[in-house]
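Hi everyone, thanks for coming.

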Amino acid sequence: MTRRQLLKYGLRGTVLVTAGTAYANTWSGQIELTRPTLTIPSLPRQFHGLRIGHLSDLHASLIVSRDHIASAAQLLMREKPDLIVLTGDFISGATKTISGDMGAFDASYLERCVEGLSALSAPLGIYAVLGNHDFWSGPRAVEAICQRFREQLGVVWLRNESRALEKAGKKIHLLGVDDYWEASSSLHAAKQDVLPDEVSILLSHNPDINEEIDLGKTKIDLVLSGHTHGGQVVLPFVGQPFLPSGFGQKYRAGLVRDGARQTYVTRGVGHLLAPLRLNCPPEVTLLTLV
């Protein structure tokens with residue numbers, strides 16, 4: 001075999017493997033369960049071992065089915081989490097692009113998402129924040145999402161507010177903000193009822209909220225986010241060519257440390273624009289705090 005033939009067949013092989021991987025990541029239910037354990041030094045011992053189920057970026061749409069969302073929910077429920085958090089982009093709805101807006105709110109996709117997540121329950125409750133695609137779909141979509149999830153799943157929405165979780169007289173705080181790209185987002189409002197020495201876990205769809213945390217010198221122990229899809233398409237030898245983040249690749253996926261603060265960015269469950277994931281399977285996350 002000549003060098004030219006070797007290169008030709010090697011390229012064909014790479015294309016076939018890449019295409020096969022993308023197909024598997026997208027259609028075969030290859031949802032990955034990750035189980036990170038995070039240490040928070042000031043965590044009260046009563047909360048050691050707290051298991052938080054984290055789902056994000058469901059993106060119910062023409063290209064994300066109810067069954068795909070349900071598979072993620074069932075995978076999480078088999079782990080019996082103490083608490084469940086949902087960090088936005090429940091539907092694709094409208095998408096803002098350079099050439100203008102694409103798509104519109106479709107109530108049937110909201111129902112698809114609610115039905116897919118119907119198995120969710122946790123002893124300490126289900127808490128949620130909204131993502132950019134939820135807001136981009138318009139005020140009617142935001143109202144409908146909040147109402148349907150509240151009615152059907154008992155979701156507690158954290159829209160620039162906090163809730164205390166208590167065990168044996170000790171407490172930690174769960175905070176949530178509207179999407180960071182929205183004018184309505186207010187970390188200050190979410191933090192106002194939390195004392196400086198109390199543990200704070202922030203739900204923010206967009207991990208770029210870390211910029212505001214740093215600028216305001218706000219004490220947050222843990223940020224839970226989605227938004228980036230882990231890149232969704234990660235090319236061999238190239239990586240992810242574009243991320244919707246002002247920090248480049250920093251908050252692409254997984255655990256990021258900023259001093260004492262930790263941020264966990266899940267790759268999300270659904271996909272956007274095209275029914276395709278490559279070297280970046282959808283993710284269900286079970287975090288254990290110690």
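Let me start with a question: which side chain does arginine 261 meet in a salt bridge? The partner is aspartate 258, at 3.8 Å from N to O. By salt bridge I mean a side-chain nitrogen of Lys or Arg within 4 Å of a carboxyl oxygen of Asp or Glu.

Before going further, a word on what you are looking at. This is a predicted model, in which local features need pLDDT of at least 70, side-chain atom pairs count only at pLDDT 80 or more, and totals for chains, interfaces and linings use all residues. Residues are numbered from 1 along each chain as its sequence is written, and side-chain values use heavy atoms, with hydrogens and water left out.

Back to that pair. The cut-offs here are under 20% relative accessible area for buried, over 50% for exposed, and partly exposed in between, using a 1.4 Å probe and protein chains only. Asp258 and Arg261 also belong to a network of salt bridges with Asp214 and Lys250.

Lysine 219 pairs with aspartate 221, with the closest N and O atoms 2.8 Å apart. Lysine 219 is partly exposed because its relative accessible area is 32%, while aspartate 221, at 10%, counts as buried. Then there is arginine 66 with aspartate 67, at 3.4 Å from N to O. Arginine 66 is partly exposed at 35%, and aspartate 67 is exposed at 52%.

Now for a charged residue without such a partner. Aspartate 179 sits in the loop between strand 10 (170–176) and helix 6 (187–191). When I say helix or strand, I mean DSSP runs numbered from the N terminus: H or I of at least four residues for helices, E of at least two for strands. Aspartate 179 is buried yet has no salt bridge, and the nearest side chain of opposite charge, arginine 159, is 11 Å away. For charges, Lys and Arg count as positive and Asp and Glu as negative, while His and the chain ends are not counted. What does aspartate 179 touch, then, leaving aside residues up to four places away in sequence? Its contacts (heavy atoms within 4.5 Å) are Leu130, Gly131, Asn132, Phe135, Ser185, His205 and Asn206.

Next, please find helix 5, residues 139–153. Its 15 residues reach 21 Å from first C-alpha to last, close to the 21 Å expected; the expected span is 1.5 Å times one less than the number of residues. Its buried residues include Ala141, Ile145 and Phe149. Among the elements covering the buried residues are helix 3 (107–116), strand 7 (126–129) and strand 8 (156–157). Just after helix 5, glycine 154 takes a positive phi of about 70°.

Four bridges join strand 4 to strand 7, running parallel, and strand 7 pairs with strand 8 in the parallel sense over two bridges. Strands pair when DSSP finds at least two bridges between them. Tyrosine 127 lies opposite valine 85, and in strand 8 its bridge partner is valine 156.

Finally, the aromatics. Rings of Phe, Tyr and Trp (its six-membered ring) pair if their centres lie within 6.5 Å; planes under 30 degrees apart are stacked, over 60 edge-to-face, and the rest tilted. By this rule the count comes to five aromatic pairs. Phenylalanine 90 and tryptophan 157 are edge-to-face, 5.7 Å centre to centre with 75° between the planes. This pair links distant parts of the chain, 67 residues apart, and both residues are buried. Phenylalanine 247 and tyrosine 251 are edge-to-face as well, at 5.3 Å and 85°. Here phenylalanine 247 is partly exposed at 31%, whereas tyrosine 251 is buried at 1%.

One last thing to find on the screen: ring pairs link Phe90, Phe149 and Trp157 into a cluster, and Phe149 is one of the buried residues of helix 5.
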